[in-house]
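I opened the notebook to record what I looked up in this structure, one entry at a time.

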Amino acid sequence: MSKNSSSKTQHDVAYWRRNLRLVGVSLAVWFIASFGLGILLVEPLNTIHIGGFPLGFWFAQQGAILVFVVLVFVYARRMDRIEQDDEEL
Amino acid sequence: MEWGIQEWTYAIVGATFALYIGIAIWARVGTTAGFYVAGQGVPALANGMATGADWMSAASFISMAGLISFMGYDGSIYLMGWTGGYVLLALLLAPYLRKYGKFTVPEFVGDRYYSQAARVVAVVCAIFISFTYVAGQMRGVGVVFSRSLEFEIYTGVYIGVCMVFLYATLGGMRGITYTQVAQYCVLIVAYLIPAVAISQKMTGQPIPQLGFGSMVVEGPNAGVFLLEAIDGIHRDLGLPEYTGAFVAGKKSMTDIFAITMALMVGTAGLPHVLIRFYTVKTARMARWSVMWALIFIALLYTTAPAVAAFARVNLIQTLHERPYDQAPEWFTNWETTGLIRFEDKNGDGLIQYSEDPETRELYIDRDIMVLANPEIAELPAWVVALVAAGGLAAALSTAAGLLLVISSSISHDLLKSILIPDMTDRRELLAARISAGGAVLVAGYFGIHPPDYVAAVVAFAFGLAAASFFPVLVLGVFSKRVTKEGAIAGMVTGITFTAAYISYFKIFKYGGPEQWWFGISPEGIGTLGMLMNFAVMLAVSRVTPPPPPEVQAMVEEIRLPSRV
């Protein structure tokens, strides 16, 4: 621990804000991919077929899970970068 | 002499068990930090695998594909529900709990809410959730043994108890982690081999995730897309379409939404999952290990719906309207286990598939969809044996993770911090081993004498995790203003409401679906319990004095990267 942890500096605030923004956007993607495309919009999407898959059904049983994986990967990468910026300050 | 299924099963199950014991001896520990959190030195990738095995239980491995096969679109609740929780873990919990850096989930609750009472409520929840969950795992071990080697169920449970006892008491979290890594490898290979073979056989496409959307290459439906073929078969039989959502005979949109949410949030609030992210080196590693865990879990969870669809076609196409005396060999093999049963109600000698109790001739246990897969795909005997070893790996790894939560809740949260604070590390370690051992025995007892509300158990574990831990943990990190009064009131409200609702409908059976609030089934009620917890916690926190400055400083510290 290289710095005094209880003193709240400006760049601590900036770091936390960036994190919150990223979390907010990621949660929106999480919600849209699963609850949005896989549940709320499943009926209209099922009229569209990609290969042998009705699209809504595909999101509910495959697509949402794939989006989750990519989402967590992107989040971890972005946070690495934010932490790196933070250390360089 | 050629080896049959039995010989292969003895060989493969014996070899994997020897491996687990070997790892346990190699990974034995001598400190409480090693016992509770594996010395916080587990690499992200290994922790991801261990989390995968920890998470995927006997039910995921053996039952889930079969459940989806009967539920069609409705089965998506499990697929999205049991993976989406990892997004919440990565974004909202895992890195912060790791940064906090102590040993247990109740410990965080106690520190953040500066209250032993909050910690005790959390301990009770953790123990209750883990016990309801672990009974099913020990039962799972017994069931796999009884089916593959024709042991009595209780013999299988005894063997499971001995295995878990050995490596959980010896190696604690360290032993459990590295056996879970091995168990993940066994279970995923055992799941994928038959899935790939069946996909290749039915659609000419070896990747199940793609085969599921390809055309059938053999039988009466050749040239038709697999899912269309299933929908067609369902229409002919007068069943709701497999891919159809919210149609008559299926769950409503509200209910699907609520159940999926309860399972996701419950996943993120299960102590045995949360505690896995205490074992890595840094908060950054916690994020990466959630990603690895999700990849390893997704591998099985995207395969399961494909297996479900293949099994659906196989089952109906190969059995419906077929003379009983020409039934395929796997059918007669599995009839002896009682998992599949034929009763010729109309006396025409043909098997008719129906879901109407009047004309139903075929009784099928959903577990058969995974267990009989290798035989349906005409795979060699060693694959059948490998599937048995995979089911055991899934059950044992989950049981061990749960038992560790029970053990650390007792020895660390109750004994060390409340009852005997001046206990030495050596004594605490001994207490942890004894409570792990005791918990294994209790779990074994419940495995042999399963409580008769088994159907309610899963709803309970997830509902309670969603309604108790999740809001308290998330707000604990993301709000500095929530207070101990708020947290206790919120947890008590969430738990009481959720437990009362589930008991009313599932244990006492006072009412049916027409009395459900907003059409939400007991499986999904945790969502409402969670919202109540959030609301009560925020409201009470507003009117109670803010947390002391040192607690607010702790929250600020948790939010920042380690900066080493």
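**Entry 1, chain A.** I started with the secondary structure of chain A and found three helices and two strands. I then read along the sequence, where the elements of chain A follow the pattern α-α-β-β-α. The model is a predicted one, and I keep that in mind for every entry. I looked up burial next: of the 89 residues in chain A, 35% are buried. For contacts in chain A with a separation of 6 or more, I noted that 50% are between residues 24 or more positions apart.

I checked the scores before going on. The model has an ipTM of 0.92 and a pTM of 0.92. For chain B the average pLDDT is 89, and 98% of the residues score at least 70. I wrote down one caution: where pLDDT is low, the predicted coordinates should not be read in detail.

Buried residues come to 59% of the 564 in chain B. I took contacts in chain B between residues at least 6 apart in sequence, and 80% of these join residues at least 24 apart.

Is Gln183(B) buried or exposed? I found 31 other C-beta atoms within 10 Å of Gln183(B). The cut-off for buried is 20 or more, so Gln183(B) counts as buried. Leaving out residues up to four places away in sequence, I listed what Gln183(B) touches: Ala53(B), Ala393(B), Leu396(B) and Ser397(B). I also looked up Ala50(B), which is 133 residues from Gln183(B) in sequence, yet the two C-alpha atoms are 8.1 Å apart in space.

I looked for positive phi values in residues other than glycine. Gln40(B) is one of them, with phi near 50 degrees. I located Gln40(B) in the loop between helix 2 (32–37) and helix 3 (44–55) of chain B. Gln40(B) has 18 other C-beta atoms within 10 Å, so this residue is partly exposed. Phe518(B) is not a glycine either, and its phi is positive at about 50 degrees. I found Phe518(B) in the loop between helix 20 (484–507) and helix 21 (526–543) of chain B. Phe518(B) counts as exposed because it has 11 C-beta neighbours inside 10 Å.

I ended with the contact between the two chains, which takes 43 residues from chain B and 43 residues from chain A. Which helices of chain B each supply at least two residues of the side that touches chain A? I listed helix 5 (76–100), helix 10 (226–237), helix 11 (253–269), helix 13 (283–319) and helix 22 (549–559). Helix 13 of chain B gives the largest share of that side, eleven residues. I sorted the residues on the side of chain B that touches chain A and got 27 nonpolar, nine polar and seven charged.

Terms used
Residues are numbered from 1 along each chain as its sequence is written. Chains are lettered from A and ligands numbered from 1 in the order in which they are written. This is a predicted model: local features need pLDDT of at least 70, side-chain atom pairs count only at pLDDT 80 or more; totals for chains, interfaces and linings use all residues. A residue is buried if 20 or more other C-beta atoms lie within 10 Å of its own, exposed if 12 or fewer, and partly exposed in between; C-beta atoms are placed from the backbone. Two residues are in contact if their C-beta atoms, placed from the backbone, lie within 7 Å. Helices (H or I, at least four residues) and strands (E, at least two) are DSSP runs, numbered from the N terminus. pLDDT is the predictor's confidence in each residue, from 0 to 100. Ala, Val, Leu, Ile, Met, Phe, Trp, Tyr, Cys and Pro count as nonpolar, Asp, Glu, Lys and Arg as charged, and the others, Gly among them, as polar.
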